[in-house]
Amino acid sequence: NIFVSTYFAVCNNPPVATGLKRSRNDTGNKVTVVLGAQWGDEGKGKVVDLLATEADLVCRCQGGNNAGHTVVVEGKEYDFHLLPSGIINSKSISLIGNGVVIHLPGLFEEGDKNEKKGLKGWDKRLIVSDRAHLVFDFHQVVDGLQETQRQAQEGINIGTTKKGIGPTYSSKASRTGLRVCDLLGDFKDFSARFKNLVKQYQSMYPTLTVDAEDQLKKLKEYAERLRPMVRDGVYYMYEAIHGSQKKILVEGANAALLDIDFGTYPFVTSSNCTVGGACTGLGIPPLNIGDVFGVSKAYTTRVGIGAFPTEQVNAVGELLQTRGHEIGVTTGRKRRCGWLDLVILKYAHMINGFSAIALTKLDILDVLDEIKVGVAYKINGKRIPHFPANLEVLQKVEVEYETFPGWKSDTAAARKWNDLPPKAQNYIRFIENHIGVPIKWVGVGKSRECMIQMF
């Protein structure tokens, strides 16, 4: 019986497995994420710049050119809105992920402007995801029209940067948006969809005028300039994570309290600027998220309107505003200032799970006689255990403060922990202990050298 003899032959001489056993713990490179822990403008750019000196890849995952990061290198000040701050490092690659919305005229204008200041070869180091959505000029006009409409109807506006970010994310969510891959595909098809999108907005805003042909002509030129930079972002990130050992950095824009889900809605931005945005905005698994660093000022600021419990509309607020040069990089608006609020820092930590915190602009507090820190919110004299979602409730909270004596000495020259006055050290330790997150850096000035590394 042939069947039986074959059966015994196979059983006695089973085929040899030649495949190698797969490693069980090969999860790939970990990604370090830097996020704002307040309402933005915390100095994320400085922390990213510090880490980017060693990074192989620096990524943006959400937002658009509504972000504003200033980085000072060798006395030169660079302003970034859409480009990752890591673009300064000539040895690293910068990537704009699928979660970012891109205004092409803004991108190239920013690159060219910084090139004049000495940023060479930035376009050779930039990679753009083909899945990123495009911000058109009319999105920016609509942004302004919406603000005017809100002001007229409700007497208040959101205080957007009018960079077209919200309307672009709206187009994305209503599935009428156009992406980088569409622009680089069949231009005839792209043009038809572009014109439909214009019509859609004109039906909502009758005063909107758009020269579609002129816009398309410009977009066609931008497409050719952009083409060499475009990659499939998902595959690119996968290769970066699973290839040779690399240091990968993700630069968050905006901040926790401006997050579309967790921020002080509706006075928020239109993307997720908490840690989840790094996964969805780049196409990377949570397993590959390593350290998450939160950035906070040693006090609190906010641009535009919305609740701000620890705000000081008095001499203290003015002092912080002038000493801290608190003017928005993107909008040129004066920032509102107040005491450090540990309720919002704890809340940001709950969402993001910070490994450590960078505390910036400590030197601004050098001249104060006493320094207060918000430690809890009360309603009708009773502490509330959480950060309220409802804005009316948030407007009514009474802040419970802890008061510290000021150190009344110049910290700007401090380069290590022991250089800081004991009262400043106490202030820092109190913050650490209260939120339960170690402070890894303390910033006492504008340049790289002014970041004291603690561990």
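**Exercise 1. Is Ser296 buried or exposed, and what does this residue touch?**

*Solution.* Start with accessibility: Ser296 has a relative accessible area of 0%, so Ser296 is buried. The cut-offs are these: buried is under 20% relative accessible area, exposed is over 50%, and partly exposed lies in between, using a 1.4 Å probe on protein chains only.

A quick word on the ground rules. This is a predicted model, where local features need pLDDT of at least 70 and side-chain atom pairs count only at pLDDT 80 or more, while totals for chains, interfaces and linings use all residues. Residues are numbered from 1 along each chain as its sequence is written, and side-chain values use heavy atoms, with hydrogens and water left out.

Next, find the spot: Ser296 sits in strand 11 (residues 289-297). Strands (E, at least two residues) and helices (H or I, at least four) are DSSP runs numbered from the N terminus.

Finally, list the contacts, meaning heavy atoms within 4.5 Å. Skipping residues up to four places away in sequence, Ser296 touches Ala37, Gln38, Glu42, Leu340, Leu345, Ala358, Leu359 and Thr360.

**Exercise 2. Which residues does the UniProt annotation "active site" cover, and how far apart are the farthest two C-alpha atoms?**

*Solution.* First, read the record: the unreviewed UniProt entry puts the "active site" label on Asp41, His69 and Lys172. UniProt positions are in the numbering used here, feature names are shortened, and annotations may be inferred rather than shown by experiment.

Then check the spacing. These residues span 132 residues in sequence and the farthest two C-alpha atoms are 26.3 Å apart, so they do not all gather at one spot. Of these residues, Asp41 and His69 are in the lining of the largest pocket. On a 1 Å grid over the protein atoms alone, a pocket is an open set of points where a 1.4 Å probe fits, with protein on both sides within 12 Å along at least five of seven lines; lining residues have an atom within 4 Å of a point.

Now take the residues one by one:

- Asp41 is in the loop between strand 1 and helix 2. Its relative accessibility is 25%, so Asp41 is partly exposed. Its phi is near 60 degrees, a positive value in a residue other than glycine.
- His69 belongs to strand 3 (residues 69-73) and is buried at 7%. Beyond four places in sequence, its contacts include Tyr78, Phe80 and Glu251.
- Lys172 is part of helix 5 (residues 165-173) and is partly exposed at 31%. Leaving out residues up to four places away in sequence, Lys172 touches Asn98, Gly99, His133 and Gly177.

**Exercise 3. How are the rings of Tyr78 and Phe80 arranged?**

*Solution.* You need two values: a pair of aromatic rings is described by the distance of the centres and the angle of the planes. Rings of Phe, Tyr and Trp (its six-membered ring) pair if their centres lie within 6.5 Å; planes under 30 degrees apart are stacked, over 60 edge-to-face, and the rest tilted.

The structure holds 17 aromatic pairs. One of them is Tyr78 with Phe80, at 6.3 Å centre to centre and 5 degrees between the planes, which counts as stacked. Tyr78 is buried at 7%, and Phe80 is buried at 1%.

Elsewhere, Phe136, Phe138, Phe187, Phe190, Phe194 and Tyr201 make up one aromatic cluster.

**Exercise 4. Where do the buried residues of helix 9 fall when you look down its axis?**

*Solution.* Begin by picking them out: in helix 9 (residues 233-242), Gly233, Met237, Ala240 and Ile241 are buried. Seen down the axis, they fall within an arc of 95 degrees, so they line one face of the helix. That arc is taken from the directions from the helix axis to the C-beta atoms.

What covers the buried residues includes strand 1 (31-36), strand 5 (93-96) and strand 10 (248-251), among others.
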